[in-house]
Amino acid sequence: MGRRYRKPEAKNERATERDIERELEARAAESAVRADDVLKELKAKRRTRQLDTLIRYALLLVGFTLALQPGVCTAVLVIGSLLTAWKLRVDRAMAFRRLPFDIPVLIFAAFGLVSIAVSPDPAFSFYNYYNLVGMYLLMYFFIGQNIRTAGDMKALVKALALSALACVLYGYYQFAFGIDTSAMKWVDGNAFPELKKRVFSTWENPNIFAGYLDIAICMALGLFVKMKARGQRIALVLVMIALAACLAMTYARGACLAIAVVVAGYGVLKDWRVLAACVVVAVGLFAADPALLERLASVFTKVDTSSEMRLAFWESTIAMIEDHPFFGIGWGAYYLVYPLYDFYMQGAAGKEIVIVHAHNMYLNYMAEIGVVGALAFFWYFFGTMHLAFRTKIKTAEEVEAEAAATRAPRATDLSADNEIDKELMSVQESMNKQPEERWTLATGLAELGAWDSRRLAAGLALGIGLAFVSIALNGLTDDLLFNIPSSMLMWMLAALAAALSFFAHPAETKETKPAEPAAETGKEEP
């Protein structure tokens, strides 16, 4: 028998089946790869959300503990900075943000580091430097990189407000139950024998606490100017009165005069009603406590030991700057070098009395890190002040009005030049006008829970600008930044001002994530 004949169709069918099997296998492999990619993406999003939550908690803790527990604040700041660095690495939607004053900050840090080499005690200066400048840079990084949404901003503001409330209440407690500060060398007992109480709350001394209260008053004033809801404005007025009363209890002459200049200056330049309110509050405080008026008047009428010593410190500091103009005397080395320039205490400095700073912010920086390093810091400081004042964050109404003004005219638009259109516009306005609702206490309480994000950001920017003016004025007679919490607060506000400047131009902020639904992320875009 001959060989059996196979039909070619059967062979073709087997080849087709193998091709189909291969295609199915390829599709299955591709589906598995896609599933793995989707799973990885979901895990990455979950990890990002977890990091967002942890960083938000860190923001709350840093803001709340700064004035109450600086050690806790420092620990949380380190953890929060590490989390931020991790997020910058794993979250592709979050790019590193360059802040407006990175260059002067780096110059300041570099000259501070170089000054260690010329210090009488380099080990001490290095220890002081990395504990202080290290924390400054971490604060600048942590706040500047993480304030990207209205939710972040509100979280930090709430924490700072609660912290300020705790400090003020503790100040009232000290004043009410009495704390004798006559033995603490904060006041000349011979010049002011009647002055026995000076509150300092959780801060080192009344002058530092007063500088903190100046900053708080400036922030509240900025918010008051920008917010429009009546309940919010009433609450802010009450807050400013409470802060001013607590400030009076410190009897800090420089801080009281500094905030008077800031508020009165704003009233003269912007709104006379602010000036009138400042006068009313001042008169009320003087009437309630005549010792406060005498204390403030002493700046112009007599010189006490405190004033004499400040003049002597400045004379000695100027001599230090003349002898060490380029690299200074070394970071934090003022108390080591001052005995060599003691023109006032006749040998007591460094033995019975330790002089740790120049009682003048400008002279102190120039003496310790040299003129160039100090100029870099002043570039950063006054640049931040200018940035805060020129940051204009438009309200929703202003944005809508600008959009309407730039829109191309339509045939149906009414013209104010046409009499008939004028009548139609007035009729339309009367029809659209809603009857004004009666304002009640319940309405005010509801307003306290609904702060407009844009107005809040604009108020913060103005408040930070005013706060930096108060720090600059206080710096003429004291060095508030020598105090660690005060200096960290200043760096926090500077970084916040830099972050708020991005809010003014959201379209230019390429590193910010696109808005996501609030139900999913819990974040609100400004």
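**Entry 1: Ser-501**

I began with Ser-501 and asked what it touches in this predicted model; setting aside its neighbours within four places in sequence, I found Ser-501 in contact with Pro-100, Leu-387 and Thr-391. Ser-501 has its place in helix α18, and I noted its relative accessibility as 13%, so Ser-501 counts as buried, the cut-off being under 20%.

**Entry 2: α18 and α17**

For helix α17 (residues 453–474) and helix α18 (residues 484–504), the axes come within 10 Å and cross at roughly 145°, and the crossing in which α17 passes α18 is left-handed.

Which residues meet at this contact? On the α17 side I listed Ala-457, Leu-460, Ala-461, Ile-464, Phe-468 and Ile-471, and on the α18 side Met-490, Leu-493, Ala-494, Leu-496, Ala-497, Leu-500 and Phe-503. When I sorted the residues of this contact by kind, I had 13 nonpolar, no polar and no charged.

**Entry 3: aromatic pairs**

I then turned to the rings, where a search of the whole structure finds 28 aromatic pairs. One of them is formed by Phe-108 and Trp-491, a tilted pair with 6.0 Å centre to centre and 35° between the planes. Phe-108 lies in helix α3 (residues 102–115) and Trp-491 in helix α18, so this pair ties together parts that are 383 residues apart in sequence. I checked both residues for accessibility, and Phe-108 and Trp-491 are each buried.

**Entry 4: α2**

Last, I looked up helix α2 (residues 70–90), which has 21 residues and reaches 30 Å from its first C-alpha to its last, close to the 30 Å expected at 1.5 Å a residue. Within α2 I noted Cys-73, Val-76, Leu-77, Gly-80, Ser-81, Leu-83, Thr-84 and Lys-87 as buried. Beside that list I wrote a reminder that an α-helix has 3.6 residues a turn, so residues three or four places apart point the same way.

Technical notes. Residues are numbered from 1 along each chain as its sequence is written. This is a predicted model: local features need pLDDT of at least 70, side-chain atom pairs count only at pLDDT 80 or more; totals for chains, interfaces and linings use all residues. Side-chain values use heavy atoms; hydrogens and water are left out. Axes are lines fitted to C-alpha atoms, for helices over the stretch in contact, and angles run from 0 to 180 degrees between N-to-C directions. Helices (H or I, at least four residues) and strands (E, at least two) are DSSP runs, numbered from the N terminus. A crossing is left-handed if the near helix is turned anticlockwise from the far one by less than a right angle, and right-handed if clockwise. Contact means heavy atoms within 4.5 Å. Ala, Val, Leu, Ile, Met, Phe, Trp, Tyr, Cys and Pro count as nonpolar, Asp, Glu, Lys and Arg as charged, and the others, Gly among them, as polar. The expected span of a helix is 1.5 Å times one less than its number of residues. Buried means under 20% relative accessible area, exposed over 50%, partly exposed in between (1.4 Å probe, protein chains only). Rings of Phe, Tyr and Trp (its six-membered ring) pair if their centres lie within 6.5 Å; planes under 30 degrees apart count as stacked, over 60 as edge-to-face and the rest as tilted.
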